[in-house]
Amino acid sequence: MTSAVDITVSREAGGWAEDAEWLAERAALAALGAAYDDEEGPAELSVVLADDALVHRLNREYRGKDKPTNVLSFALTEAEEPEVQDGMPVMLGDVILAYETVVREASEQRKNVKDHMTHLVMHGVLHLLGYDHETDDEAEEMEALETRLLASFGIADPYAANHQPPDR
């Protein structure tokens, strides 16, 4: 587990559950604990619990996709090795979830909304840490890690029925 991590969770919109901030922080910590190297120093990231309107705007502006998506990850560094400055935290970036899309997908996939949200936060944080699913090998590695982390929370394999990464 990472020794000095600052995770800011903010509720910007949507009808998120009362414990959504706690769930998001727990999911982010699990992903960091499995994939972040403590030797890189302290880290910071934010999770934004938003709605479809905000995510739609961000997706259009930054990814050229004129629609909402379930989760967006904005890494603050594209470098393979983030620069660490004498005890300053590594700024990992932002993970932003769209409430209506998360709820709709959970219903369509017959998943618990909180479990789906937990998965998407983990997925987003792993993107901040350099994981991706552009190739089959990358997808297999990322999905295996997500599945293992989710199982530690008693959450079923999200890829068992629908073999597609969350943000495609």
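Which strands and which helix do the buried residues of α2 pack against? Hold that for a moment.

Ground rules. This is a predicted model, with local features needing pLDDT of at least 70 and side-chain atom pairs counting only at pLDDT 80 or more, while totals for chains, interfaces and linings use all residues. Residues are numbered from 1 along each chain as its sequence is written, and side-chain values use heavy atoms, with hydrogens and water left out. Helices (H or I, at least four residues) and strands (E, at least two) are DSSP runs, numbered from the N terminus.

Back to α2, residues 52-63. Asp52, Val55, Leu58 and Asn59 are buried there. Buried means under 20% relative accessible area, exposed over 50%, partly exposed in between, using a 1.4 Å probe and protein chains only. Down the axis of α2, the buried residues fall within an arc of 130 degrees, so they line one face. That arc is taken from the directions from the helix axis to the C-beta atoms. And the answer: they pack against β2 (43-50), β3 (71-75), β4 (90-98) and α3 (99-108). Just after α2, Gly64 has a positive phi of about 70 degrees.

Now the cores. A nonpolar core is a set of buried Ala, Val, Leu, Ile, Met, Phe, Trp, Tyr and Cys residues joined through side-chain atoms within 4.5 Å. The largest has 34 residues, and Leu45, Val47 and Met117 are among those with the most contacts inside it. Its largest share, eight residues, comes from α1. A second, separate core has eight residues, including Ala50, Leu72, Phe74 and Ile96.

Next, aromatics. There are two pairs. Rings of Phe, Tyr and Trp (its six-membered ring) pair if their centres lie within 6.5 Å; planes under 30 degrees apart count as stacked, over 60 as edge-to-face and the rest as tilted. Take Trp16 and Tyr99: centres 5.1 Å apart, planes at 75 degrees, so edge-to-face. Trp16 sits in the loop between β1 and α1, Tyr99 in α3, so the pair ties together parts 83 residues apart in sequence. Trp16 is buried, at 7%. Tyr99 is partly exposed, at 22%. Then Tyr62 and Phe74: centres 5.4 Å apart, planes at 70 degrees, so edge-to-face. Tyr62 belongs to α2 and Phe74 to β3, twelve residues apart. Tyr62 counts as exposed, at 56%.

Last stop, Arg110. Arg110 is in the loop between α3 and α4. Most residues other than glycine have a negative phi. The phi of Arg110 is positive, near 55 degrees. Arg110 is exposed, at 80% relative accessibility.

Key. Contact = heavy atoms within 4.5 Å.
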